[in-house]
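Please open the structure in your viewer and keep a selection panel at hand. The tour below goes from one selection to the next and says what is to be found at each stop.

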Amino acid sequence: MPDMDGWLSWRRRGQSQEDDNDSTPLPDDVLAAVFARLTDAADVLRCAATCKRWCRVVAKDAAVHARVLPPELARRRAFFGVFSQLGLPDPVPGVADAAYHRKRKSPYPISLSDGGRHDALLEHSRPVAARNGWVVLELVHASPAESLDLCVFNPMTGEIFMLPSLSGEARPRCYACALLTGDDVDEPLPTSTTVFFRVLIVYNRYRFTAFRAFSSDTSRWGTEVSRSARPKIDNVRLGRLGQSVVLGGVAYWPLRRSALAVQLDGPEPCEVTMPPWGISADQPQSLRLLGVTSGDRRQQQKLCFVDVGFDVDDRLHRAGLPCRTIFLLTSVLSTIDGQGTNMLKWVMPHGRLYIPEMMVCSSDDFNLRWFCEKSGVILFTVGQESNSPGLYALDIATHKVQKVVDGTGCGSWRNVVGYEMDAAGYLASVACY
Amino acid sequence: MEVDKGKGEAEETRKVAEADRDTVTLKSSDGKLFEVSKEAAARLSTVLAGMIAGGSIDDNGTDLKQIGSEALENVVDYCNKHANSIPSAALISSSISFNTAPFKEPEEWERKFVDRLSHDALFDLVEAANFLGMERLLDVTCHKISEMMKGKSPDQIREVFNIKNDYTKEELEEIRQELAWAFYDD
């Protein structure tokens with residue numbers, strides 16, 4: 001069972017004494033039952049806007065009301081945020097810093113709390129994946145780790161699921177992690193399913209690279225699947241695979257010349273064949289990212305690869321000033337019809353997308369961090385050797401760049417993951433004034 | 001010994017007699033008594049069913065201190081009307097969680113039943129239904145109250161429900177911006 005005692009409810013308890021001054025006689029549980037009968041999310045939100053107590057009642061049942069939020073709306077209004085561990089050297093346990101941004105003047109922190117039960121653990125955690133309102137956190141142990149402990153956490157509602165430890169022989173050293181949630185599944189889930197997710201890890205054994213998946217259906221890790229048909233991914237690269245993008249039940253990571261693709265919605269993880277080359281191999285992992293093209297329907301979306309290029313202004317270079325302008329190049333994984341079979345190929349359809357008014361001294365100062373799949377936003381950081389250090393959000397559709405966090409430290413952040421709310425998180429957040 | 005045994009028998013007989021009665025007497029917070037069919041009470045209210053099964057029904061009127069006479073009258077009225085109405089398949093449901101179970105549309109007579117109530121009477125009735133664990137009546141009353149919210153601006157909702165707006169001007173402006181899509185031009 002999910003632990004529903006989230007930070008929102010904690011906040012509610014904190015406030016409940018002073019602002020229960022409306023004169024409606026209806027008690028909270030009756031109000032909740034009434035709101036649950038509203039079939040239009042706009043009605044629910046207008047109720048939340050009447051007074052603080054009603055607002056709290058709406059926020060408490062955000063997951064219930066989110067069912068009536070139109071999916072397009074939830075998608076269009078997906079917000080993003082950043083969870084990161086502030087420049088702390090691993091493996092020292094660090095306080096995870098979390099902030100998310102919307103039309104507010106500045107981002108504000110979200111506490112990593114599930115209402116008390118796991119707070120200490122969550123505080124010493126490291127984000128390893130995030131999708132659709134959920135974050136996968138690795139719990140960091142004070143002593144040298146004996147086991148890998150992951151949890152799947154919704155910071156907006158406080159729901160948390162601890163995954164079984166992987167210890168001893170089963171503990172992976174370095175690994176990459178992908179998350180599939182109920183929002184990724186097209187066919188409706190059985191109504192008895194309160195939550196659905198799969199967590200995939202990719203890691204190395206002595207002779208081979210292995211996949212293993214946790215499923216919420218069975219509440220356990222499945223069997224280890226070896227990537228036998230292909231060579232082992234080298235350890236350093238595996239540790240830096242970074243964000244995975246999920247499309248059509250397949251998790252993708254950027255490899256050197258192509259992508260690693262693992263089917264995740266079957267009973268066991270299974271590698272999908274990708275074109276063997278097609279993306280530039282000589283870029284560091286900080287200047288490349290996988291993403292998805294925009295498309296109204298999920299079926300229309302395609303996998304794309306983003307990498308960074310620089311133009312150098314010689315005059316500025318000679319003057320020792322930030323001299324490199326930055327542009328992005330996108331390659332789309334497209335189907336080539338030929339010889340009866342559907343061949344896949346990386347195609348570069350667009351020109352350069354320049355990031356306006358931004359200059360860096362060297363490529364080290366620019367870091368692609370995250371591709372927000374729902375909102376089509378790329379998060380990147382710019383280090384201190386630039387004209388404007390900070391964390392930025394680039395909207396691919398509109399080419400608009402927005403500064404999310406101001407500060408010279410952003411360039412050295414580790415473990416940055418982008419966070420997009422699910423519908424429940426969105427409702428909880430807007431209903432939480 | 002003899003006396004004790006006799007007493008036990010008398011107790012037994014009284015219990016049997018009580019079980020044989022086909023109505024129960026309920027007492028409102030202001031001391032008024034109401035009779036209701038035992039069968040209907042047990043079927044429609046989980047709390048009353050529990051009390052009847054547990055033998056904690058008082059012949060002289062079971063105290064329901066939380067419920068005023070007007071609300072209790074409506075509860076009893078609902079139970080009696082319900083006993084007389086043709087049972088429909090929709091009512092034979094065993095759903096427990098009112099938050100997640102699909103809601104049944106009220107029947108015509110139920111609609112009329114709640115429509116004639118004043119706002120205050122309706123609010124009292126929904127609380128009584130909640131207290132007594134009357135799932136069906138809760139469904140009907142909550143449905144009615146949710147109808148009163150639909151399509152209204154926050155101002156109109158505040159007026160209907162007599163809500164004091166405790167947001168600051170700045171908070172309201174922020175909500176308005178954030179939820180622009182949900183607000184009507186009012």
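Two strands are said to pair if DSSP finds at least two bridges between them, and strands (E, at least two residues), like helices (H or I, at least four), are DSSP runs numbered from the N terminus. This is a predicted model, in which local features need pLDDT of at least 70 and side-chain atom pairs count only at pLDDT 80 or more, while totals for chains, interfaces and linings use all residues. Residues are numbered from 1 along each chain as its sequence is written, chains are lettered from A and ligands numbered from 1 in the order in which they are written, and side-chain values use heavy atoms, with hydrogens and water left out.

Begin with strands β5 (residues 134-139) and β7 (residues 150-153) of chain A, which pair in the antiparallel sense over 4 bridges. Within this pairing, select A:Val136, whose bridge partner in β7(A) is A:Val152. Widening the selection gives an open sheet of 4 strands in the order β4-β5-β7-β8 (chain A), with antiparallel pairing. At its edges are β4 (125-131) and β8 (160-162) of chain A, each of which pairs on one side only. Neighbouring strands of this sheet are turned by 25° against each other on average, direction ignored, where the axes are lines fitted to C-alpha atoms.

Next, select strand β19 (residues 288-292) of chain A, which is joined to β20(A) by 5 bridges and runs antiparallel to it. Here A:Gly291 stands opposite A:Cys304 in β20(A). Strand β20 (residues 303-312) of chain A has 8 of its 10 residues buried, so it is largely enclosed by the rest of the structure; buried means under 20% relative accessible area, exposed over 50%, and partly exposed in between (1.4 Å probe, protein chains only).

Stay in chain A and select A:Arg227, in the loop between β14 (225-226) and α8 (235-239). Is this arginine, A:Arg227, buried or exposed? A:Arg227 is buried, with a relative accessible area of 9%. A polar atom of its side chain lies 2.7 Å from the backbone oxygen of A:Pro231. Not counting residues up to four places away in sequence, A:Arg227 touches several residues, including A:Phe208, A:Phe211, A:Leu255 and A:Glu271, contact meaning heavy atoms within 4.5 Å.

Now colour residues 26-63 of chain A, where UniProt places the feature "domain: F-box" in an unreviewed entry. Over this stretch the chain is 71% helix and 0% strand, and the end C-alpha atoms are 22 Å apart.

Moving to chain B, select residues 23-84, listed by UniProt as "domain: SKP1 component POZ" (unreviewed entry). This range of chain B is 52% helix and 19% strand, with its end C-alpha atoms 15 Å apart.

Further along, B:Thr141 is found in helix α7 (residues 135-149) of chain B and is buried, with a relative accessible area of 0%. Its side chain reaches the backbone oxygen of B:Leu138 at 3.1 Å, and B:Thr141 touches B:Val114, B:Leu122, B:Leu125 and B:Val126, not counting residues up to four places away in sequence.

Finally, colour chain B by pLDDT, the predictor's confidence in each residue, from 0 to 100. Confidence in chain B is lowest in helix α1 (residues 2-20), at a mean of 51, and highest in α7(B), at 92. Over residues 1-6 of chain B pLDDT stays under 50, and the model has 0 contacts beyond four places in sequence for them. Where pLDDT is low, the predicted coordinates should not be read in detail.

How values were computed: Polar contact = N/O pair within 3.5 Å; in protein donor to acceptor, adjacent residues only side chain to side chain. UniProt positions renumbered as here; feature names shortened; annotations may be inferred. Axes fitted to C-alpha atoms, helices over the stretch in contact; angles between N-to-C directions.
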